Amino acid sequence: MKIRLAAAVAAAVTLTGGCAVGESTDAGGAYPSKALSIMAPGSPGGGWDTRARGIAGALGECKVADVDATVTNVPGAGGTIGLAQFAKRTGDPYQLMVMDSVTMLGGIVNNKSPVDLSTLTPVAGLSRGPSAVVVAEKSPYEDLKALLDAMEAKPHSVKWTGGSLGGPGQMTVAGLAKGRDIAAKEINFVPTAGGGESMNLLLSGAATVGIDTVAELRPQIEAGELRVLSVDSEQRVPGIDAPTMKELGLGGEAVSTLAGVLAPAGLSKEQQQDVIGLIDKVRRSSCWKQVLERNNWTEDWKPGDEFGKVLAEQRTQVTAILGELGLGK
Amino acid sequence: MDVLGNLLDGFGHALSLQNLLLAMLGVTVGTLVGVLPGLGPATTIALLLPLTFVFDPVGAFVMFAGIYYGGMYGGSTTAILLNIPGETASIPTTLEGYPMARRGRAGAALATAAIGSFVAGTISTVVITFLAPGMSNIAKLIQPAEYFSIMVLAFVTVTSLMGDSIVRGLSSLFIGLTIGMVGIDRMTGQPRFAFGVPELYEGLSVVAVAVGLFAVAEAVSTAAARHRPAQPPVTVAGRVGMTREDWRRSWRPWLRGTLFGLPIGSLPAGGAELPTFLSYNVEKRLSKHKEEFGQGAIEGVAGPEAANNAAFSGVLVPLLTLGIPTSATASMLLIAFQIYNVQPGPQLFDQQPVLVWTLIASLYIGNVMLLVLNLPLIRVWVKLLSVPPALLTAAILTFATLGVYSISQSVFEVLIAYGFGLLGWVLHRAGYPVAPLILGAVLGPLMEVQFRRALAFSEGDPTVFVTRPVSLVILLIAVACLVGPVVVRRRTKPALPAG
């Protein structure tokens, strides 16, 4: 599905005369001077879509720029259908794509995509969505160490559930297992389409343990239905009484996904700086701060080539882990 | 019993002039987007989300509830009139609704769909009103083994769809199962029947397949028959609405459809596909007019439409009580909640009573509005069928193409729809029923994934299906459905040769 949503408010702002809008860009003239197109390579309502609409909304409502932004959804094949389309738009700084590192890199490997991220222009890493390892309230496991002990003794008896096959959740589990010398193929991980399905598996007692984003899990955590063993983030997550993997000495094994924005290949350094400048203003706006808060995301600003470096590093990690899991062959 | 008090409070908030107008607007917009190809209710709510900045939460939710119900009902209109199922859950409606329309009974089909949706929607809303918090506990009882057993039951009842020849019926079913296997296996990442084509990695879109098998095949069939005497335009037979006989044949399917739709829709992995197909199969089994099925039996519209609407109401249970959206439309509603800084979940009823009860009250209002709007519209829709068949066929083909393209934005899927159109025509000419094919394509992948999950969780022990009591009971019912008719037949007609 693909929708064009010219952010209504942005349109209204433009109609009422855009002179009072935004600060001028200092780098080389008037970027952006025409409408931007932001691609979300997933369906409406998903994480990538929320991020794309968040950026479009900030451009309009918070008057970051006096141009329209259109969000297009091109879902399919782990985001690689959208990626293949996006890669063709060489040299156009008005085309942006939202993604997040591990999910998209995994999608590329799993779907044997001929296009990868290395040719695209990195704009910025924006945010991370912490994930949590949870068990049902009746579970005997009180901490992650005990769970990993059980897993080491009898890998199949610890049944994991989480998001998609080869997604960030499964990779984190693979990382944790590796730390205990458990072969990746021994892990009993049941992938789901996320949210509801994995929650059902956890609450019904079918799965031993689940891994998902804090945003998805929070209502059940607050209601006391789920117990958090650990969170995968830099700092503890407000309102959740559980140690981070780092505190438990397990941080090194987790590959944590970084959400960000890419532009097509073939942009000049100046053009790249223009886009980075624009996204920098977006992330400083109060609209974007609300988006972060609403989705339990934390900011992680990595402009330009810093983001490119993260992508290159994680590409190696992701390919290695997926190879061990027997995926992408 | 403060549920009633809360509900009345909810009505107090929802029944302002502004909110009633918004409900009317929502139902109208919803019906329109349901009828027009391409814009589903989820997309419409996505487009209208910015309105949440203008209205108070109550107003916005009243309108969204209207769109939600209207879109669902509008989808059945194209299924009945044009043979185009807009979504998987409308496929069973197409099976009987379109033949009814061809026989000049479109008015009755639309009416039983509208009234059935209203009955199911109202009953479901009443049940949700009183039981929603408790219903979320169902989620704790149902594991993959139970889901699998429910699927087995659905497949066992499929025998009623087989038509005259078991061999042809089974062939059709297995073609469907194969179609369902196309794409990347979600448990192992292995591509199946994808032949290296990236567009096939996500599997074949069931909507494109169904639109092909029904709408495009119909157009091909008309074109192939052009040397035969032209069919006269469809004339409305008898009265436009439902006759006394129609009412008598519809009310039980409505109630049974609700009975399937609500509990299955309330499950976090339930959805609307399973109950609508189950309802269709069961109605065919129970009907005293079995010979009419495939030719336009009203039970085959009444049951699935009620099941569809009940399932969509059921979707609100996991959404409100667990914070889990189980359909695209539900996830848009969840986003709307979050824009108002409301997080649905187990504590929602305690933390946001006004909002929840107003939403529930607006569901009642939306249901009534839907009926008020759509019953008079039936006369308008029925007129559509009086255009000459050639023009109608052209319109069907146009709408089918537009619909598939605008849902997917992909020429590839349009080609799939056309390919299945040809296949559907060939199957039809050769006397193969298409209903088992669609059922296999829709339920096959669901059943497979639940089977493999159940085994993964039992560490490979297949007895999990019979050691869990709920699963065992459902499997026993399935066995009874399969064996029962044979036994009964032998007892009552001992003279006939067994078979």
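Chains A and B of a predicted model

Of the 499 residues of chain B, 57% count as buried, a residue being buried if 20 or more other C-beta atoms lie within 10 Å of its own, exposed if 12 or fewer, and partly exposed in between, with C-beta atoms placed from the backbone. This is a predicted model, in which local features need pLDDT of at least 70, side-chain atom pairs count only at pLDDT 80 or more, and totals for chains, interfaces and linings use all residues. Residues are numbered from 1 along each chain as its sequence is written, while chains are lettered from A and ligands numbered from 1 in the order in which they are written.

Chain B has 22 helices and two strands; helices (H or I, at least four residues) and strands (E, at least two) are DSSP runs, numbered from the N terminus. Among contacts in chain B between residues at least 6 apart in sequence, 81% join residues at least 24 apart. Two residues are in contact if their C-beta atoms, placed from the backbone, lie within 7 Å.

One residue of chain B to look at is B:Ala330, found in helix 15 (residues 328-339). B:Ala330 has 23 other C-beta atoms within 10 Å and is therefore buried. Leaving aside neighbours within four places in sequence, B:Ala330 is in contact with B:Val315, B:Leu319 and B:Pro325.

Two other helices of chain B, helix 10 (residues 206-224) and helix 20 (residues 435-457), pack with their axes 11 Å apart and at an angle of about 175 degrees. Axes are lines fitted to C-alpha atoms, for helices over the stretch in contact, and angles run from 0 to 180 degrees between N-to-C directions. Helix 10 and helix 20 of chain B are therefore roughly antiparallel to each other; the word applies to angles over 145 degrees, with under 35 counted as roughly parallel, 65 to 115 as roughly perpendicular and the rest as oblique. On the helix 10 side, B:Val206, B:Val209, B:Ala210 and B:Leu213 meet B:Leu437, B:Ile438, B:Ala441 and B:Val442 of helix 20. By class, this contact has eight nonpolar, no polar and no charged residues. Ala, Val, Leu, Ile, Met, Phe, Trp, Tyr, Cys and Pro count as nonpolar, Asp, Glu, Lys and Arg as charged, and the others, Gly among them, as polar.

Chain A holds an open sheet of five strands in the order 8-7-9-6-10, with mixed pairing; two strands pair if DSSP finds at least two bridges between them. Strand 8 (188-191) and strand 10 (226-232) of chain A each have a single partner strand and stand at the edges, so one side of each is left without a neighbour in the sheet. Neighbouring strands of this sheet are turned by 25 degrees against each other on average, direction ignored. Strand 7 (residues 159-162) and strand 8 of chain A run parallel and are joined by four bridges. A:Trp160 has A:Phe189, in strand 8 of chain A, as its bridge partner. Helix 20 of chain B packs on the sheet, where it touches strand 7 and strand 8 of chain A, and its direction makes about 155 degrees with that of strand 8.

Helix 8 (residues 214-222) of chain A is mostly covered, with eight of its nine residues buried. Among them are A:Val214, A:Leu217 and A:Arg218. After helix 8 of chain A comes A:Gly224, whose phi is positive, near 80 degrees.
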